[in-house]
Amino acid sequence: MQLGQIHRAAVSCFARQGFAATGIRELGAAVGLNSATLYHYVGGKQELLLGVIRNCLDAMIDGAQDAIEDADPAQRLASLVAFHVGFTATNPQTARVAEYEMRSLSGEHRAAMQSLRDEYEQLFTDALADGERAGLFHAPDAGMARLAIMEMGTGVAHWYRPGGRLALAQVQANFIEMALRILAAEPAVPDQLPVPARLDSEPHETEEPRDPEGAR
């Protein structure tokens, strides 16, 4: 039994019906284990959710840091947006669980995962601040601009699917343009867009996504 298989079953259940409504017996049945054996592998349901979210956030931080080698703030922000969109599109169910089920963690675990999320968001905050100092970005409120840009990318999990009308690279490029327009900045698409990896926790078969205005 591989941990990734257990994480995939957990993500599928948590994304479909929520953490609170998912029982440990249901999780065990999904991977062919009884409750006692599942506890042996992952501990309780809290520990299982914690592992899924921690792996997701660690991958987001590492991938984003790898994507922002360019010192130019506009190129750096463009790479961050492209990574965020690409990661979410590639791992939609895991991304949704990490986004919406962090509230289900106990206080200590939630604080630790919030710290990781803050570390990831700080990369966007720093790029925006550097762009403003360089006179490249112009937004009435940089904090609200960051939230708008990141929420746009997070929403991709609800509608994007491979093989649709737009390839992932096209979606990434469109989101870069929209993000820079929010900042009244010149277009800046990186020469090479990041291609985030699929996490072990991401189910192989995802639910049928919704698509805005036929974008898929």
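Modeller: In the second largest pocket, α8 gives the largest share of the lining, five residues. It's a predicted model, so local features need pLDDT of at least 70 and side-chain atom pairs pLDDT 80 or more, while totals for chains, interfaces and linings use all residues. Residues are numbered from 1 along each chain as its sequence is written, and side-chain values use heavy atoms, with hydrogens and water left out.

Colleague: What volume does the second largest pocket have?

Modeller: About 250 Å³. Among the 16 residues lining the second largest pocket, His84, Glu99, Arg117, Glu121 and Thr154 are the closest to its centre.

Colleague: How do the residues of that lining divide into nonpolar, polar and charged?

Modeller: Eight are nonpolar, three polar and five charged. Asp, Glu, Lys and Arg are the charged types; Ala, Val, Leu, Ile, Met, Phe, Trp, Tyr, Cys and Pro are nonpolar, and the others, Gly among them, polar.

Colleague: New topic: is Ser201 buried or exposed?

Modeller: Ser201 counts as buried because its relative accessibility is 5%; buried means under 20%, exposed over 50%, partly exposed in between, with a 1.4 Å probe and protein chains only.

Colleague: And which residues does Ser201 touch?

Modeller: Not counting residues up to four places away in sequence, Ser201 touches His7, Arg8, Val11 and Thr94, where contact means heavy atoms within 4.5 Å.

Colleague: What about Leu183, what is that in contact with?

Modeller: Leaving aside neighbours within four places in sequence, the contacts of Leu183 include Leu77, Phe137 and Ile149.

Notes:
1 Å grid on protein atoms, 1.4 Å probe; cavity = no way out; pocket = protein on both sides within 12 Å on 5 of 7 lines; lining within 4 Å. Points joined across faces, edges and corners; volume = space filled by probe spheres on them. Helix = DSSP H or I, 4+ residues; strand = E, 2+ residues; numbered from the N terminus.
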